[in-house]
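I opened the notebook to log what I looked up in this chain. The entries follow in the order I made them.

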Amino acid sequence: MLLYLLQQETSSTELRTECAVVLGSLAMGTENNVKSLLDCHIIPALLQGLLSPDLKFIEACLRCLRTIFISPVTPEDLLYTDTTVISHLMGLLSRSRYTQEYICQIFSHCCKLQHWHSCGFNSLPQPLLCANGPDHQTILFNRGAVQSIAHLLVSTSYKVRMQALKCFSVLAFENPQVSMTLVNVSVDGELLPQIFVKMLQRDKPIEMQLTSAKCLTSMCRAGAIRTDDPCIVLKTLPCLVRMCSKDRLLEERVEGAETLAYLIETDVELQRMASITDHLIVMLADYFKYPSSVSAITDIKRLDHDLKHAHELRQAAFKLYASLGANDEDIRKKIIETENMMDRIVNGLSESSIKVRLAAVRCLHSLSRSVQQLRTSFQDHAVWKPLMKVLQNAPNEILVVASSTLCNLLLEFSPSKEPILESGAIELLCSLTQSENLALRVNGIWALMNMAFQAEQKIKSDILRGLSTEQLFQLLSDSDVNVLMKTLGLLRNLLSTRPHIDHIMSTHGKQIMQAVTLILEGEHNIEVKEQTLCILANIADGTTAKELIMTNDDILQKIKYYMSHSNAKLQLAAMFCISNLIWNEEEGSQERQDKLRDMGIVDILHKLSQSSDPNLCDKAKTALQQYLA
């Protein structure tokens, strides 16, 4: 009935306004209330109401729309079904401070990313965007949102200023186009970055400081502001560190830590600066002390508040520790030496909250880049056990980070390598290489490559058996160059040390030679071809395996071709193949030398011995000496 009366043009404007007010009050109730209103098609009715000439009615419709769009059950796309709506809303911005406040709030919520801070730490998966998130940013940008909203930052109304600021924080997030534009927009003779910096000052409300810091952070990450710009180094970073302190509200501490983690994620100098500001590393340890003990709290509301925010605090701390320790060994050491840190991470890996588990794994991944810590703290706490447990059953976003961490734990100097092998890692990693998720395929093959480095023959055989020839070919024909390079790296590690080379080539030689031929014939970059020639050089170092090259005229012609290639790296790699084939001290060397001489290899060696490249020149002279010996 309310919706019916709202849409009747015969109803008085006062009645229609009251209907919009009551509907707005209903929308403030439960999520089921909002769902019921959406089922009754309230949004088209309210948007129609915005065409009225009456300002009070327009404001009531906007207030109701704002309340509905704030609800998590409202699909954001509903604002974009009619292309004229956004332009009409832009036109209403100048009508009153209420239209400004509500419209900015609507834009903020209809352009919002599902996880504002769920950033891809350390070159990990990118944030999960809401459906068409970037498209929403583009639509608003193309309709002139930046210019229309910018002047609202100097409004006399605090609420309008805040909603305009929040709107910019979501418009600029991971959007270089918007960020680059914001840098050059001025209001009353002042550029927007200068206005944002003023809003960062300590005398401004915390909400304003934090949101301004978000805007400047997004602009910095998008490349619109340099990381060494004073507004980042002297203003934004200290402000965000300040937000992490004990005297801030829990929500503010969470938002401050997550925004700071995003700001410093990729810049080592900002990481170093943050780590020495206000004892941040020690300050973050307090994030794990919620909820406080029940006996110490008599206020039940306070306890509920602490419980609600406990997992958000841990997630934020893990994220910030992950960013802080991404590149610097000294910072990692300080983090690990922080009170019970490794125990906290290990506990975090089994938390009920997926967000906390993901953040804990990211933190572990960041710290696993330290050779020293792999040998000490990681071993002392047997970190590989909970990590392997995480890998058995987890969502893809956690699997990607956990498998990246496992790659580091499988490096040859890591004491965790052996127990990981014994726990069935080969089967697990081989299954990851079959994933549809590219990052999981890369990590699966990368971990196997690390595992195969200087490994025993049994481990190498188990890897080949686990992968199967068919899967190996699948990986070698993968469209992603990272998968291909890591697979070639695995083959190169498998085909090292003479007995292993001969053993593997005796069982898989035909298929491996076929794969090598296909890659050398294919359209691949220099690095891929170089890695493939290095594999051939390893095969040529085998005692019996080298015959697979000598009896394959097609491969010999390819080696000859790459000896005369325009790229010195490929020439050098081809030269290693020849050197291993003609080495005097090995049985059958004379016959191999004769065959290669008949192919014109010696003539090429003479030319290369005059090369201006010292490496090529030396290698060619050494090879020629084998013919003279």
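**Entry 1: salt bridges**

I count a salt bridge when a side-chain nitrogen of Lys or Arg lies within 4 Å of a carboxyl oxygen of Asp or Glu. The model is predicted. I searched the whole structure on that rule and found 28 salt bridges.

I looked up Lys 558 first. Lys 558 pairs with Glu 521, with the closest N and O atoms 3.0 Å apart. The pair links distant parts of the chain: Lys 558 sits in helix H34 and Glu 521 in helix H31, 37 residues apart. Lys 558 counts as buried because its relative accessibility is 12%. Glu 521, at 48%, counts as partly exposed.

Next I noted a network. Shared partners join Lys 246, Asp 286, Lys 289, Glu 339 and Arg 344 through salt bridges. I checked one of its links, Lys 289 with Glu 339, and the closest N and O atoms are 3.7 Å apart. This pair also links distant parts of the chain, 50 residues apart. Lys 289 is in the loop between helix H17 (280-285) and helix H18 (300-324). Glu 339 is in the loop between helix H19 (329-336) and helix H20 (341-348). Lys 289 is partly exposed at 38% relative accessibility. Glu 339 is partly exposed too, at 41%.

I then took a pair inside one helix. Lys 458 forms a salt bridge with Asp 462, with the closest N and O atoms 2.8 Å apart. The two are four residues apart in helix H29 (residues 457-476), so about one helical turn separates them. Lys 458 is exposed, with a relative accessible area of 56%. Asp 462 counts as buried at 19%.

**Entry 2: a buried charge**

Which charged residue is buried yet has no salt bridge? I found Glu 101. Its nearest side chain of opposite charge is Arg 66, 4.2 Å away. A salt bridge needs a nitrogen and a carboxyl oxygen within 4 Å. Glu 101 lies in helix H7 (residues 97-109). Leaving out residues up to four places away in sequence, Glu 101 touches Arg 66, Lys 159, Val 160 and Gln 163.

**Entry 3: aromatic pairs**

I counted five aromatic pairs. One of them is Tyr 98 with Tyr 102, which is stacked: 6.2 Å centre to centre, 25° between the planes. They are four residues apart in helix H7, so about one helical turn separates them. Tyr 98 is partly exposed at 31% relative accessible area. Tyr 102 is buried at 5%.

I also checked Phe 168 and Phe 196. Their ring centres are 6.3 Å apart and their planes stand at 65°, so the pair is edge-to-face. The pair links distant parts of the chain, with Phe 168 in helix H10 (residues 158-172) and Phe 196 in helix H12 (residues 192-198), 28 residues apart. Both residues are buried.

**Entry 4: helix H32**

I compared the length of helix H32 (residues 526-540) with expectation. Its 15 residues should span 21 Å at 1.5 Å a residue, and its end C-alpha atoms are 21 Å apart, which agrees. How many of its residues are buried? I get 11 of 15, so I call H32 mostly covered. Among the buried residues are Lys 529, Leu 533, Cys 534 and Leu 536. The cover includes helix H30 (481-494), helix H31 (498-521), helix H33 (546-550), H34 and H35. Asn 525 caps the N-terminal end of H32, with a side-chain oxygen 3.1 Å from the backbone nitrogen of Glu 527.

**Entry 5: two loop residues**

His 565 is in the loop between helix H34 (553-563) and helix H35 (568-582). His 565 is buried at 17% relative accessibility. Beyond four places in sequence, it contacts Ile 526, Leu 570 and Gln 571.

Leu 50 is in the loop between helix H4 (42-49) and helix H5 (55-70). At 2% relative accessibility, Leu 50 counts as buried. Beyond four places in sequence, its contacts include Ile 58, Leu 65, His 88 and Leu 92. The C-alpha atoms of Leu 50 and Asn 580 are separated by 81 Å.

**Entry 6: the whole chain**

The chain has 38 helices and two strands. Its C-alpha atoms fill a box of roughly 105 × 60 × 50 Å along the principal axes. Of its 629 residues, 57% count as buried.

How values were computed. Residues numbered from 1 in each chain as written. Predicted model: local features only at pLDDT ≥ 70, side-chain atom pairs only at ≥ 80, totals over all residues. Heavy atoms only, no water. Buried < 20%, exposed > 50% of the residue type's maximum accessible area, 1.4 Å probe, protein only. Lys, Arg positive; Asp, Glu negative; His and termini not counted. Contact = heavy atoms within 4.5 Å. Expected span 1.5 Å × (residues − 1). Polar contact = N/O pair within 3.5 Å; in protein donor to acceptor, adjacent residues only side chain to side chain. Phe/Tyr/Trp six-rings, centres within 6.5 Å; stacked < 30°, edge-to-face > 60°.
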